[in-house]
Amino acid sequence: MTHSPSLPLATEAADHPHVFERAFNTFDPEVLDQVYEPDAGFVPHPGRLTTGTERLHANGEFLALRCPIRVAPRHTYVVGDLALLIVDFVIAGTAPDGSPVHLTGTATDVARRGRDGYWRYAIDNPFGVTEEPTTPAAPA
């Protein structure tokens, strides 16, 4: 697996959220995709897991807001080559159409250390334990 030397990947699991932040703030989906394993999953909203080109497209929708992300890692738990990352984030600013943007959440992510020694997301779940929206039952 190759990556751009302009985006140094994390050699420590605890640093991975900050690498993600730098990649996100380029607003380039191809750069951001470097922090994921090829078959990684991304949950753009609760209940929807995307992979591959669908993951790239879903991340592109967030990047199209052109608002920076700030991350604040809470916990990093590492077992071998796997890590559970609990990370608070804020995406805030003004979208290109002039609308205000303020997205917050606590991510529950899984990263894996590759054979090259770099950490990448296996699962990126930015909204953590936020429940999937429910549809009200139709009147009887």
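Predicted model: local features only at pLDDT ≥ 70, side-chain atom pairs only at ≥ 80, totals over all residues.
**Contacts and overall make-up**

I started with sequence separation: of the contacts (heavy atoms within 4.5 Å) in the protein chain with a separation of 6 or more, 52% come from residues 24 or more positions apart. Residues are numbered from 1 along each chain as its sequence is written, and side-chain values use heavy atoms, with hydrogens and water left out.

I then listed the elements, which are DSSP runs numbered from the N terminus (helices are H or I with at least four residues, strands E with at least two). I found 3 helices and 6 strands in the protein chain, in the order α-α-β-β-α-β-β-β-β from the N terminus.

For surface, I noted about 7900 Å² of accessible area for the protein chain, 56% of it on carbon and sulfur atoms; the method is Shrake-Rupley with a 1.4 Å probe. Of the 140 residues, 39% count as buried, meaning under 20% relative accessible area (1.4 Å probe, protein chains only).

**Helix H3**

Next I looked at H3, residues 52-63. Its 12 residues reach 17 Å from first C-alpha to last, close to the expected 16 Å (1.5 Å times one less than the number of residues). I see Arg55, Ala58, Asn59, Gly60, Phe62 and Leu63 buried here. What do the buried residues of H3 pack against? I get helices H1 (16-24) and H2 (29-32), plus strands S1 (36-45), S2 (48-51), S4 (82-94) and S5 (100-113).

**Glu37**

I picked out Glu37 in strand S1. Is Glu37 buried or exposed? I log Glu37 as buried because its relative accessibility is 16%. The side chain of Glu37 makes a polar contact of 2.5 Å with that of Arg112. The cut-off for such a contact is a pair of N or O atoms within 3.5 Å; within protein, one must be able to donate a hydrogen and the other to accept it, and residues adjacent in sequence count only if both atoms are side-chain atoms.

Last, I followed the strand pairing (at least two DSSP bridges between two strands). S3 (residues 69-79) and S4 are antiparallel over 10 bridges, with Thr76 opposite Leu85 of S4. Their hairpin has 2 residues between the strands, and Gly80 takes a positive phi near 60°.

S4 also pairs with S5, antiparallel over 13 bridges, and there I found Phe89 opposite Gly105 of S5. This hairpin has 5 residues between the strands, with Gly98 in the turn at a positive phi of about 90°.

Definitions and conventions. Buried < 20%, exposed > 50% of the residue type's maximum accessible area, 1.4 Å probe, protein only.
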